[in-house]
Amino acid sequence: MAGIGSKAELKTKLQELDYGIEDKDIQFILEYGEEFIGDSDVLSKKLGISEDQAVKIVEIIQQDVESTNQLTAEIKEKIDKVLEQHPSITTHKIALLCEINERTVNDYLKEKQEPEIQDE
């Protein structure tokens, strides 16, 4: 499941529902939850919970995915702005300027097919 530090938040939200879901089932939801968007009936059967409970869980998962996607878009925009202003900047400096970790910068640059710029 995609997420930038959101698994802990998602886990807390799921535990707060107080549906009697076991930790192993919460781990399952964290790992495969996105696959159940639109299939709450399958999730209901898998976890042995009511359809209404499964719908609520799927809504929480969908909100998490949407907020993660929004955050990802904002991070990519920040990186692009820094690259525009400083074309030969190192990935380390991009990470510092954008207040994100260097791995995220490198992953995005790979996605864009741009070579990462190493410190000398």
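I26 is buried, with a relative accessible area of 2%. The model is a predicted one. I26 is found in helix α2. Leaving aside neighbours within four places in sequence, I26 is in contact with K11, L14, Q15 and I21. I26 and L14 are twelve residues apart in sequence, and their C-alpha atoms are 7.2 Å apart in space.

Helix α2 spans residues 23-32. Which residues of α2 are buried? They are D25, I26, I29 and L30. Seen down the axis of α2, the buried residues fall within an arc of 145°, so they line one face of the helix. The cover over these buried residues includes α1 (7-16), α3 (40-47) and α4 (51-85).

## The chain as a whole

The secondary structure comes to six helices and zero strands. Along the sequence, the pattern reads α-α-α-α-α-α. The chain has 120 residues, and buried residues make up 32% of them.

Contacts in the chain also reach along the sequence. Take those between residues at least 6 apart in sequence: 49% of them join residues at least 24 apart.

S44 lies in helix α3. Is S44 buried or exposed? Its relative accessibility is 10%, and buried means under 20%, so S44 counts as buried. Which residues does S44 contact, leaving aside its neighbours within four places in sequence? They are I49, S50, E51 and A54. Helix α3 is also among the elements that cover the buried residues of α2.

## Where α5 meets α6

Helix α5 covers residues 91-98, and helix α6 covers residues 102-112. Their axes come within 8 Å and cross at roughly 115°. That makes α5 roughly perpendicular to α6. The crossing of α5 past α6 is right-handed.

From α5, the contact uses T91, H92, I94 and A95. From α6, it uses E102, V105, N106 and L109. By class, the residues of this contact divide into four nonpolar, three polar and one charged.

## Where α4 meets α6

Helix α6 also meets α4. The axes of α4 and α6 come within 11 Å and cross at roughly 80°. That makes α4 roughly perpendicular to α6.

On the α4 side, the contact is made by I75, K76, I79, D80 and L83. On the α6 side, it is made by T104, V105, Y108, L109, E111 and K112. What classes do the residues in the contact of α4 with α6 belong to? Six are nonpolar, one is polar and four are charged.

V105 and L109 of α6 take part in the contact with α5. V105 and L109 also take part in the contact with α4.

## Two loop residues with positive phi

Most residues other than glycine have a negative phi. D18 has a positive phi of about 55°, although it is not a glycine. D18 is found in the loop between α1 and α2. At 66% relative accessibility, D18 counts as exposed.

E99 also has a positive phi, near 60°, and is a residue other than glycine. Where is E99? Its place is in the loop between α5 and α6. E99 is exposed, with a relative accessible area of 70%.

Terms used
Residues are numbered from 1 along each chain as its sequence is written. This is a predicted model: local features need pLDDT of at least 70, side-chain atom pairs count only at pLDDT 80 or more; totals for chains, interfaces and linings use all residues. Side-chain values use heavy atoms; hydrogens and water are left out. Buried means under 20% relative accessible area, exposed over 50%, partly exposed in between (1.4 Å probe, protein chains only). Helices (H or I, at least four residues) and strands (E, at least two) are DSSP runs, numbered from the N terminus. The arc is that of the directions from the helix axis to the C-beta atoms. Contact means heavy atoms within 4.5 Å. Axes are lines fitted to C-alpha atoms, for helices over the stretch in contact, and angles run from 0 to 180 degrees between N-to-C directions. Angles under 35 degrees count as roughly parallel, over 145 as roughly antiparallel, 65 to 115 as roughly perpendicular and the rest as oblique. A crossing is left-handed if the near helix is turned anticlockwise from the far one by less than a right angle, and right-handed if clockwise. Ala, Val, Leu, Ile, Met, Phe, Trp, Tyr, Cys and Pro count as nonpolar, Asp, Glu, Lys and Arg as charged, and the others, Gly among them, as polar.
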